[in-house]
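Hello,

Here is the structure I promised to pass on to you. Have a look at it first, and then read on for what turned up.

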Amino acid sequence: MELKENCKDNRIVKYLRLVAMAVLAGIGVVQVILAVAWAVANGSHIQGFYDSSVYLSNAINGVSDGWRLAGYACVIKLFMLLKGILKEYYVIGIYLFQVTVSLFCFAEGFRCAAVYLFDKKISLKKALLFAGYIVTIPIVWQMQFAILPDAICLALTVLLFAQLVKLFGAKEGFCLPALLVIGVSILLLGVFHRHYLYGALAMAFVGAFILLIRQIKKSYRNRKTLLTAFMLLVSIIVLPMVAEKINQAVPNNGAYATYSMAADLWKRFVFPDLHENYPHYTERITAILPDYATEICDEYYEYYMNSIGLMIEIANPEEAESIYFEMARIGFALHRRDMIKSAVKEAIGYCFIPFAMEKYMYNNGNSLYGHNYMKMYDCNPKLTAVYMHVGMNGFMVMAVLGCIMFLAEGISHKNLCKKRMLALGWCALSIGMVTAPMMIFAVAKFDYRIGLFSVFVWIVLAMTSIYKVEE
Amino acid sequence: MLKEKKEKIIFIGVAVLSAILILCTALIGTKKFYPVEVEAHKTQILFLGDSNIAYDFEGKDIPELVYDRLGVTTYNGAIGGTSAAKINTENYFDDRGDMFCLYNITKVMESGDHNAVADYYGTGSQREKEAVGKVMMLTDLRLEEVDYIVLSYGLNDYTTGRPIYAEDPYAEYTYAGALRAAVERLQKLCPNAKIILSSITYCVFMEGGEVVMDGYERNWGGGTIEEYRDAMKLVSSEYENVYFMDNLEYLGIGRDNYEQYLRDEMHLNEAGREIYVDYLEETINGIEGEL
């Protein structure tokens, strides 16, 4: 549905939009040039993330460790088959694959948001241009050139978000292709990354709930909408089980403790206070875990699951999961105030990521910004510094312009206000649903890798506000 | 038509201005927050290294002694506990000392952006805060004006068993690889500087107050102190404008006289620092004489 005749821009909005589009064009061109330069400088370099080395090893050996799932290792393995021809440059194939998948998913995400949330028609071709800007935002681009599932998982999450939005706007609330894509996304996320899966499930569940509520409010019952909601709920229950069966079918290398949510809580609730908490542990724990083993744990997080976690599991396999949970519970009880304070601070950071990134780029703060940034600038520190600052400052500028345009459009097109507020609400809720699981199961420090979906939503909101439908 | 032309002009003008302004923000990122005051016409010597350079323990540290002796401007960028090589792991939380190893420090210097390390240790220990302060100084120096860079690494590489060599000559987790990478990076950043690679110094290992072994005998996994010294000597021979200080040979510290020059098993005391500065002075005079 295109913008209606009586919703035409007034003069102020028209010029504001023109200026905003021009700023986007100027910033976008610079960003894309720097992104390409950075990619060329990076070449076939593999950024030094710990998980990358594990995924590569898993791909070579055809195994999983239960934590880093087999889906992404399969993608790596497929490209490794080309090693004979491409030698070590096969990683470039992986990077290009990630960029391509992201580009198309972001384009679809942007297009669906524009069409179904903001009633602005846009072709896929134009949406690809906007997607080109989104994918070259430095922290997003960094993940395209990393041997990590983050790029593909973000793309799948965006795709799922897009299809849900399509369902909200679809005629009679039913769209089979969208439902199929949602199903495939959930299944793939289930074999790629658990934390992204949890977010996807939350979004699909809330999406089904929204469709049901809308149906209840209407005077007639639309069977197709009810069918959609039902299929979503079935997908949420059945597909993760299928994914878990696939995960379990992959040989486990036994290098890590068995994955469980309780063990996954350790990153936030046990690290880095394991040694400090030790005197408060029950005998059940201290009988298995000697104090000296906890002494260097605040230095090496990764020491937990492939050493301490395994130690506990080998000593008491039946109760290992409950022991992990007990340790997490004790950790929370002892440091409740600090943990809640930290969690609230991080949550605010992820929700308002354009401004949080400015804080971490220019100010001291206890985060993983430096850690991730140093992985990124391995090949060319100077170029990376320029690209990071230009790109993230540009992102903040676009976010601010987007807010201004959103307000300006809201004021000048009051009849669309309610729908726009609902769209904003859904976007904010989506950020929460996707980010919260990743945050809960991560260390208590702001990590911009967790905020990538928030980056996508912010920039999509900004660009849909700025974008003008052709008259 | 006029309207469209006007809009096009506005669009292009704003787009170009935005592009220029956003590029300028990169300068904020690399802005010199604390521009280092430089005395005109004085030789500038930058020290990078471990605790033997970083700390004064009692008395003055080596850069201060060099300042007194030679009347030059010195910058102490050394950070205690650091090695040349990175740890061979990409742990989610790298060892804190590793963040400031020579390999990483030179990259931070190249980026000019101290926030790569500053925010990582927002609530770190006093030592880490001091290290961040040093990094801020290093990113604020006008590197192209530095005359000498002294790289004094080896003890921590040795005691933590960092490998010396690997198949890849630039492997950052090896002592020789990290030195090569650092030398090349510093030569790009400071094209006019002479780089002095200052070798590992003598050390002993004690049990119950008695020396049981020294660095020539004990191998922590990477090699003996002699092997680390030889590796540094090899690297220095591969580059123009790079010189070598053989502290094992020249300082003359050994099992029979270590107590005179070491305050503990491996750190130089006041007398040790004096002979070190003697040697450095001689090295610099030799270089100046050559030139």
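Two residues are said to be in contact if their C-beta atoms, placed from the backbone, lie within 7 Å. This is a predicted model, in which local features need pLDDT of at least 70 and side-chain atom pairs count only at pLDDT 80 or more, while totals for chains, interfaces and linings use all residues. Residues are numbered from 1 along each chain as its sequence is written, and chains are lettered from A and ligands numbered from 1 in the order in which they are written.

Let me start in chain A. Ala204(A) is found in helix 10 (residues 194–217) of that chain; helices (H or I, at least four residues) and strands (E, at least two) are DSSP runs, numbered from the N terminus. Leaving aside neighbours within four places in sequence, Ala204(A) is in contact with Leu164(A), Ile182(A), Ile186(A), Leu232(A), Ser235(A) and Ile236(A). Is Ala204(A) buried or exposed? With 25 other C-beta atoms within 10 Å, Ala204(A) is buried (buried means 20 or more other C-beta atoms within 10 Å of the residue's own, exposed 12 or fewer, partly exposed in between, with C-beta atoms placed from the backbone). From Ala204(A) to Glu295(A) there are 91 residues in sequence and 43 Å in space, C-alpha to C-alpha.

Chain A is divided into domain 1 (5–258 + 336–466) and domain 2 (274–334), with bounds that come from an automatic or database domain assignment. Their C-alpha centres lie 34 Å apart. Nine residues of domain 1 of chain A are in contact with 10 residues of domain 2 of chain A. On the domain 1 side, the touching residues divide into seven nonpolar, one polar and one charged (Ala, Val, Leu, Ile, Met, Phe, Trp, Tyr, Cys and Pro count as nonpolar, Asp, Glu, Lys and Arg as charged, and the others, Gly among them, as polar).

Now the cores. A nonpolar core is a set of buried Ala, Val, Leu, Ile, Met, Phe, Trp, Tyr and Cys residues joined through C-beta atoms within 7 Å. The largest one has 213 residues, and Ile459(A) and Ile149(B) have the most contacts inside it. Helix 8 (residues 150–169) of chain A gives the most to this core, with 15 residues. Apart from it lies another core, of 18 residues, including Tyr278(A) and Met305(A).

On to chain B, which has 13 helices and seven strands. Of its 291 residues, 46% count as buried. Five strands of chain B form an open sheet in the order 2-1-3-4-7, and the pairing is parallel (two strands pair if DSSP finds at least two bridges between them). Strand 2 and strand 7 (242–245) of chain B stand at the edges with a single partner strand each, so one side of each is left without a neighbour in the sheet. Strand 1 (residues 44–49) and strand 3 (residues 148–152) of chain B pair in the parallel sense over five bridges, and Leu48(B) stands opposite Leu151(B) in strand 3 of chain B.

Finally, a loop residue. Gly71(B) lies between helix 3 (62–70) and strand 2 (73–76) of chain B. Gly71(B) is exposed, with 10 other C-beta atoms within 10 Å. Gly71(B) and Thr43(B) are 28 residues apart in sequence and 8.4 Å apart in space, C-alpha to C-alpha.

Best wishes
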